[in-house]
Amino acid sequence: MDSPDRARRARPSPSERHPEHAGSGLARLAGLLADDTRALFCLALLDGRAWTAGELARLAHVAPSTAGEHLDKLVAGGLLAQERQGRHRYVRLAGPSSARLVEELAAHAGPPPAARSLREASANTAMARARTCYDHLAGRLGVAVTDALLERGLLRQDTGFAVTGAGLRWFGGLGIDLKARQYGRRPAARACLDWTERRPHLAGAAGAALCRHALKAGWCERIGTRRALRVTDAGRHDLRELLGLTGADLDGGPADTPGTAGTAEATA
């Protein structure tokens, strides 16, 4: 009869019972987002900015210690990056690939739940109209800009997006050199599936540069404390002159009601 020690030695270890295989990494990644709080953190960080752990805890209505545990998992899993300044811990999405993953999963997940208040409905409307998606334009504004670039031959769409020669000159007219070294290995143009419009908007180096220009030139301004944007009068003028965009392109409906979307506390 085998001794207890011998029986224990014969029992396979957890790693032997569940060996690593091709799907293990994907399963771990999916597990990181298979939690409401961690998913909410990632959606909030699509604004492209660094948040403190305390800010994310308040957003999700969880204790700071709970938020810290979730953030540890997201950082260890490679979805988030962190840095410390004094006693504050700041986290952000690890990079454009993490942002793309979160945005496209949100698009496939379907529309968000129905708003529970007028404030929430106003915030959702503002987000759908215009917002940032990590570092590029999204919502109706992002899709309208992308469509206009395609119609004018500044972008082409084969299997994905590519900036044409005319497009390089157009961006150059805005002071954007897409061949500059600062963009590194990042693709010049990439299609990103918009989670509210269910159509692609422009991402990649061109999308990021255009978004930075839109904010710096005063075409858009942030509203609330999240990702929502509002097109300014200057932006309406310049986008009409440069891309032929109209109020309907920018709003997707009737003109804004004063004091609604503009004051909404847009949530991620």
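**Reading helices and loops in a predicted model**

Author: In this predicted model, the axes of helix H5 (residues 53-60) and helix H6 (residues 64-76) come within 9 Å and cross at roughly 110 degrees.

Reader: Which residues of H5 and H6 make the contact?

Author: A general point comes before the list. An α-helix has 3.6 residues a turn, so residues three or four places apart point the same way. In this case H5 contributes Ala 53, Leu 56 and Ala 57, while H6 contributes Pro 64, Ala 67 and Leu 71.

Reader: How many nonpolar, polar and charged residues does the contact of H5 with H6 have?

Author: Six residues there are nonpolar, and the contact has no polar and no charged residues.

Reader: What span should helix H11 have, and how far apart are its end C-alpha atoms?

Author: The expected span is 1.5 Å times one less than the number of residues. H11 covers residues 204-216, so its 13 residues should span 18 Å. The end C-alpha atoms are 18 Å apart, which agrees.

Reader: How many residues of H11 are buried?

Author: Buried means under 20% relative accessible area. Ten of the 13 residues in H11 are buried, so the helix is mostly covered. Among them are Gly 204, Leu 210, Cys 211 and His 213. After H11 comes Gly 218, with a positive phi near 80 degrees.

Reader: Where is Arg 198 found?

Author: Arg 198 sits in the loop between strand S8 (190-193) and strand S9 (200-203). Its phi is also positive, about 60 degrees, although Arg 198 is not a glycine.

Reader: Is Arg 198 buried or partly exposed?

Author: At 36% relative accessibility, Arg 198 counts as partly exposed.

Reader: How many helices and strands does the protein have, and what share of its residues count as buried?

Author: The protein has 13 helices and eleven strands. Of its 268 residues, 40% count as buried. Among contacts between residues at least 6 apart in sequence, 59% join residues at least 24 apart.

Conventions
Residues are numbered from 1 along each chain as its sequence is written. This is a predicted model: local features need pLDDT of at least 70, side-chain atom pairs count only at pLDDT 80 or more; totals for chains, interfaces and linings use all residues. Side-chain values use heavy atoms; hydrogens and water are left out. Helices (H or I, at least four residues) and strands (E, at least two) are DSSP runs, numbered from the N terminus. Buried means under 20% relative accessible area, exposed over 50%, partly exposed in between (1.4 Å probe, protein chains only). Contact means heavy atoms within 4.5 Å. Axes are lines fitted to C-alpha atoms, for helices over the stretch in contact, and angles run from 0 to 180 degrees between N-to-C directions. Ala, Val, Leu, Ile, Met, Phe, Trp, Tyr, Cys and Pro count as nonpolar, Asp, Glu, Lys and Arg as charged, and the others, Gly among them, as polar.
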